[in-house]
Amino acid sequence: MIKRLFDWLKQPLGLIAVGITFLALFSLAAYGISLTQKPPEQPLQFPHRTHVAFGIQCLYCHPGASKGPAAGIPSQAKCWGCHNQIQKTQTSELLKPLKDAVLSGTPLEWVPVAQVPDFVQFNHRAHVAAGQNCENCHGDMTKVTIAENPQVMNMGWCLDCHKTIAGEDHEKLVKLVDCGTCHY
Amino acid sequence: MIRPEEIKMSAEETGKWGMVIDQDICTGCQACVAACAMENNISFVGEVDAGYGRSMHWIRIERFWEGAYPEVKMTPNQPMLCQQCGHATCEPVCPAFATVHSQAEQLNLQVYNRCVGTRYCANNCPYQVRAFNWRDYQRPEPLSNQLNPDVTVRRMGVMEKCTFCIQRIHKAQDKAKSEGREVVDGEFTTACAQACPANAIVFGRVDDPESLVSQVARAHGHGVKHLEELGTLPNVTYFKGG
């Protein structure tokens, strides 16, 4: 039975079948991986680069970053603070979801892009206080529309930076590579 | 096998965080048990699993009695929690290095994402204070709203235990650092100590002779560390019959 199958696969038609199967599997895998690399669908095509180009600081919309664990995603009230004074808001098709959300009182449900698993306790404040700039981890926001992760945020990536920063300071290294610093 | 002289030598080293529990003023009200479960997102296993001895508590009130019925005499209640041993028996047996000693905080850690659930640590713990997640226990709505966001919600197949509320330690340290100072004694405490209506539990820095926990320990003078003879160097001191 198996020998007959092999014999069939060795003839030209069989080889083509094997090739097509391989290509199909490969492209499926590539498509699957590409899905994980795309930023998620947002309720609104928020252009980070436009806002940064107007000179708005990261901390204006994400004020939690300097104060506590979560940087925070602004509510539509914050958007509206500026946008209700902008003529374009009334006419722009892209800004329609914002206008509708504010007028109907339903919140815009942003999808967080930079996320860590539940078992990681990340604190923005400590990183900002240590002199890290936002773009060190989140990438250059002058180039993106919806925020994208410039790298995979995994533990190796965290530890690489922690070890470099601790350097020869043993006490700092002990604190920065301790499991209990992030996992509890 | 640990030789006695080794124990004596290492017993001089103190941990960083420690606790004293006064059994004479403990009323056994279980407020600490409830507070711990709230603070640390501990699952409620339900009647059936509790019957199998799969209850999950990071702190429990042990009660003992002396003598035979009817001349039974209750001995003081004994809150039992992870003793955060300086030389812990749970640590060397973990094949995945999921239970490790924190060099920074001198605590025994349980790293949930590393744990593969061999339960070896729990079998090796002389205090029997580790709890295993035998299932993904359900939290019917709206109970999930009371989960503490600072603590991982553990899943099935993971061991867990008392952390001395390390999330509160980190929060206090973070706050102190943002204000450019050291953590002050009594600035924060563990959930169990906070909930205790009789103040039978005192938590703090045992390496600081001026901290409340050290002062209480000195005032009593005759604290007992459970199973100290095993060389585990526990960081919880009990007082009884003072």
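**Exercise 1.** Find the ring over which the charged end of B:Arg119 sits, and do likewise for B:Arg205.

*Solution.* In this predicted model, local features need pLDDT of at least 70, side-chain atom pairs count only at pLDDT 80 or more, and totals for chains, interfaces and linings use all residues. Residues are numbered from 1 along each chain as its sequence is written, chains are lettered from A and ligands numbered from 1 in the order in which they are written, and side-chain values use heavy atoms, with hydrogens and water left out.

Step 1. A charge sits over a ring if NZ of Lys or CZ of Arg is within 6 Å of the ring centre and within 35 degrees of the ring normal.
Step 2. For B:Arg119 the ring is that of B:Phe132, with the charged end 5.3 Å from its centre.
Step 3. For B:Arg205 the ring is that of B:Trp17, also with a distance of 5.3 Å from the centre.

**Exercise 2.** Classify the ring pairs that B:Phe203 makes with B:Trp17 and with B:Phe164.

*Solution.* Step 1. Rings of Phe, Tyr and Trp (its six-membered ring) pair if their centres lie within 6.5 Å; planes under 30 degrees apart count as stacked, over 60 as edge-to-face and the rest as tilted.
Step 2. B:Trp17 and B:Phe203 have ring centres 5.6 Å apart and planes at 5°, so this pair is stacked.
Step 3. For B:Phe164 and B:Phe203 the centres are 5.2 Å apart and the planes at 85°, so that pair is edge-to-face.
Step 4. B:Trp17, B:Phe164, B:Phe188 and B:Phe203 form one aromatic cluster.
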